[in-house]
Amino acid sequence: MAKGTVISAMDEEYAVEKKRRRPRKFLLVLLILAAVVLAFGIAIWMLSDNDTLETTFYQVTSGKIQEAVRIVLLTDLHNHEFGRANRDLVNEIESLEPDLIVMAGDMVNGNDANITIVTDLCGKLLEMAPVYYVFGNNEGALEYGDGGPQVALDAELWKKGVTVLYNNSISAEIKGNPFEIMGVTAAEDEFEKVAGDAISSFEKKDGFKLLLTHFPSLYYDCLADVNFDLGVAGHFHGGQIRLPDGRGLFHVDEGFFPRYCYGEFSLTHGTLIVSRGLGGHGHLPRINNRPELVVIDISRS
Amino acid sequence: MENIRYFEYILVALPAVMLLCALILFMSRGKENLLRRIRNGTRTLKRWIILVLILAVAYGGINFKTEQMQAEMRAAAIIGFNYPEASSGLNPNRTRFNISEILSDEILEKAITEGNLDHVSADDLKRCLQVTPLKAGESISTNQVYISTEYQLTYEADQNTKHLDPDDVVTSVAEVYCREFVDANSRKTNAFAMDFSELENMDYLDIVELFDEKAEDISDYAYAMSFEAATFQSETTGETFSSITEKVQTFRDVQLERFQAFILSNGLAKNASQYVAKLKYDNTITHKLYLKNVATHNINLDAIDRYDRDMATIVLIPSVDVDGYFYMSRTKIGVDYFAENAEESMQSASKRQRSMQFNDYAITQMQTADQVSAQIAQAEDMLEALKNEYQVFSQLLVDTLADYDKKTVNNYVSMMVDDSDPLKTEIVKSAIFAIIFAVALCVLIIALNGRNDPVSSSVSGGSQKEKRNAGPGDVQRETGNGDGETAEEDKR
C-alpha cells in the first residue's frame, strides 16, 4: 500500500513537471519555426534585391571644371539585363541625364559569345551621351581566351561609336570642360611595361584627368601616387556579400575584406570611386549588395 | 448548306427505306406463294411503270440539283512536294515536315488578308478546310511506310463562310502556303550585304579585316555551291558559282592586299594614337598566350621524352572500315596525344607570333608616319573602290543564288486548283441514284400488291379494279376456287 502511494505521488509529480515543460517546448518549436521563416524571408528578399537597381550619388569638386558635369559609371554588368533588353537600366540612366557615360569593364562574360546585350545597351546610351569603355578581365577572355568564343567585341563597340581605351588616353570636351580620359587595362605585374609611358604622358596633361580601370587593386599597387583627378573601378562586386557594418566580405583575387571594395577613397592626388557593379558571375549570389549604378557629379570647387 | 446536306441524306435514304419496307412486307407474309405474289405484283407494276419512270426522273433531277448546289459550295486543290526529302517526311532542310501547318492561324490569316476574304476568321476557315494525303504511284512495302508527297486541300462552306467563293478560298490558302514554304526554305542572303556606314567608326586595318572576313564568307558559300550546282550558270548574271569564287578570291588577294599594303607602308590610321594603343593591347595579351602555347609545347615534348618505351609498343587491332573492308588499326596511346598537343600548341604559337610581328610593324609605321592628307585621300579612294567591288560580287552571288533557287526551291512545291467540271460526275451519280430509286419503287409496288390474294386474281383473270367492284358473294366463290387451285399447285 505504501509502495503504491509512493508511485502515485511520483506520477503526480511527473505529470506536473510535464505540464510545466509543455509550454516551454512549444515556445521552442515556435521560435525555431519563426527563425526558419525569417531566414527564408531574408534570403528571398536579398536575392530578389539583385534585380533592383540602387543609384549611388557621389560629389567631386575640381578647379578644372567650369560647368558641372554628371558622369554615370557602369561596371560588371556580366550580361545581366534589368528588364527586357535592359529597359529599366536605360530608363534609369536616361532620367539621370548624364553628360558622360563610362564603362569600367566586365560588362560581358568571358565564356559567353553573346555580346548583343552590351552592344545594344551602348547603342541606346550613345543617344544620351558619349560612351567610353575600358576592358576588364572578362572582355580580355572573350576576345583572346584560348578555347573561348574569341569575339571581337572592341570592333563591334567601335562600329557603334563607343570609344574603347587600351592603356592610352584621349582628350575630350565635356560640356565645355577639357577632359583627359585614360583607360588602363594592364595588370599589376606588367603595368610599367605596358602602361608606364602612357601614364607619364597622361599625368602631364592639363584637363580634368579621368582614369578608368577595371581593377581597384591597381590603385594601391601602381596608381596610388599618379596624378589624376578622378579614378573609377569595379571588379570586386562590393565584396559579393555586404556585412551589416557595410564592409564587403570576399573577392577571389584579394581574399576576405578586399581593400577598395566599393565606395569613395581619397588618394594622394585624386579621388577614387569604386562601384559594386551591376551583375554577377558564377553561382555565388550577391547578398545585401544591390546592383549599383554610380553617378558622379563633378562641380567647380 | 447544312439543310442541303440533310436533304441529300433524305434523298439517299429514301430508296433504302423503300427497299426495307418491301422486304418487311415480303417477310411478313412468309415464304408461301412468294413467286405468285411477285408475279401478281409484276403484273400490277406494268400499269404503274409510267408513274415509276416519272418519279425516278424527278428523283434524279432533284438529286442532280442537290449535288450541284453542294458542288458550288466545295472546292479543292492539290499540293505536291517535289524535293527528295519529301518522301521521307522531311522539309528540304531536313527538319520534320508537317502538312497541318497549312491550317495554321498564320497561313489562314494571311490568306484572309491577301485573298480579301471578308467577314471571316481563321477559325471559321479552319472548320471548313481539310487536308488529306493522296496516295498515288508508289507502293508500300511491309517494312516501309509510304509517305505521301501530294495532299488535297478541300474546302466545304458552312453557315459562316457561305458568302465566300470556294475557289477563292482554296486558291488563297494554297498560294499563301506555297509561298511561305518556299520562303522558309529559301536561302537567307542578307548576311552577304554590308552596312558601309559602320566603316566610318573603324580604322583602316580593321576595315581590311572586316572586308576579308565578309569576302571569305562569300567565297566559302560560292565554293560550296559550286559543288552542289557545278554546271549551273545564271541566265541573269551569266556567272557560275566557281567564277564568283574566283572573283572574290581575286578581290581578297589583289585589291584588299594592295589596300592593306598601302595603309601599312604609309602608316595610315584615322586615329593613330588610339589604334597604336589597341595594337599594343593586342600584343600584350597575344604575347601572354604565345608564352602559354610555347610552355604547353615544351611540357608535351618533355612528356614524350619521359614516356616509357615499353608502354609505346604498337598494338594492331583487326578492324573494319566504313566500306566494310578489313584493316589493321593501330591503337592510339598516350604519346600520340602528347605529340598532337605539342604540334597544336606550336602551330598556335607560330600564328600568334606572326600576329605580333604584324602588329609591331603596324605600330612602328603608324608611330613614324606623318599622316599626309594626300595619302589619306588616296586611301579613302581605294576604300570606295573596295566598297564598290564588294557590292558588285556580293550582288552577283545574291542574284545567281536567286536564279538558282528559281529553278530549285520554287519547284519544291506545286499547287493545282481542282477546277474540273463536276457536271458529268453529277449526271452519272444522279442517274445511278435514279435507277436505284426506280428499282426500289418497283420492288415496293410488287410487295404492296402482293398483299391481296394472288390466286383469286389469277383465276378470275380480272383486274384489281374488277376485283374491287365484285360483291361479297363473288369473293366467297373466288375463295373456293382459289383453295382448290392452291391445293392443286401444292400437290405439284
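A:Gly136 is buried in this predicted model, because 27 other C-beta atoms lie within 10 Å of its own, and 20 or more count as buried. The residue sits in the loop that runs between strand E4 (131–134) and helix H4 (137–144) of chain A.

The surroundings of A:Gly136 include residues from elsewhere in the sequence. Leaving aside residues up to four places away in sequence, A:Gly136 touches A:Gly105, A:Asp106, A:His214 and A:His235. A:Met107 is 29 residues from A:Gly136 along the chain, and the C-alpha atoms of the two are separated by 8.0 Å.

Chain A also contains an open sheet. Six strands make up this sheet, in the order E6-E7-E8-E9-E13-E12, and their pairing is mixed. Strand E6 (168–174) and strand E12 (263–266) of chain A are the edge strands, each pairing on one side only. From one strand to the next, the twist averages 20°.

A helix packs on this sheet: helix H6 (residues 191–203) of chain A. Helix H6 touches E6, strand E7 (177–184) and strand E8 (208–213) of chain A. The direction of the helix makes about 165° with that of E7(A).

E12(A) is joined by four bridges to strand E13 (residues 271–274) of chain A, and the two strands run antiparallel. Within this pair, A:Glu264 has A:Ile273 in E13(A) as its bridge partner.

Notes:
Residues numbered from 1 in each chain as written. Chains lettered and ligands numbered in written order. Predicted model: local features only at pLDDT ≥ 70, side-chain atom pairs only at ≥ 80, totals over all residues. Pairing = 2+ DSSP bridges. Axes fitted to C-alpha atoms, helices over the stretch in contact; angles between N-to-C directions. Contact = placed C-beta atoms within 7 Å. Buried ≥ 20, exposed ≤ 12 C-beta atoms within 10 Å, placed from the backbone.
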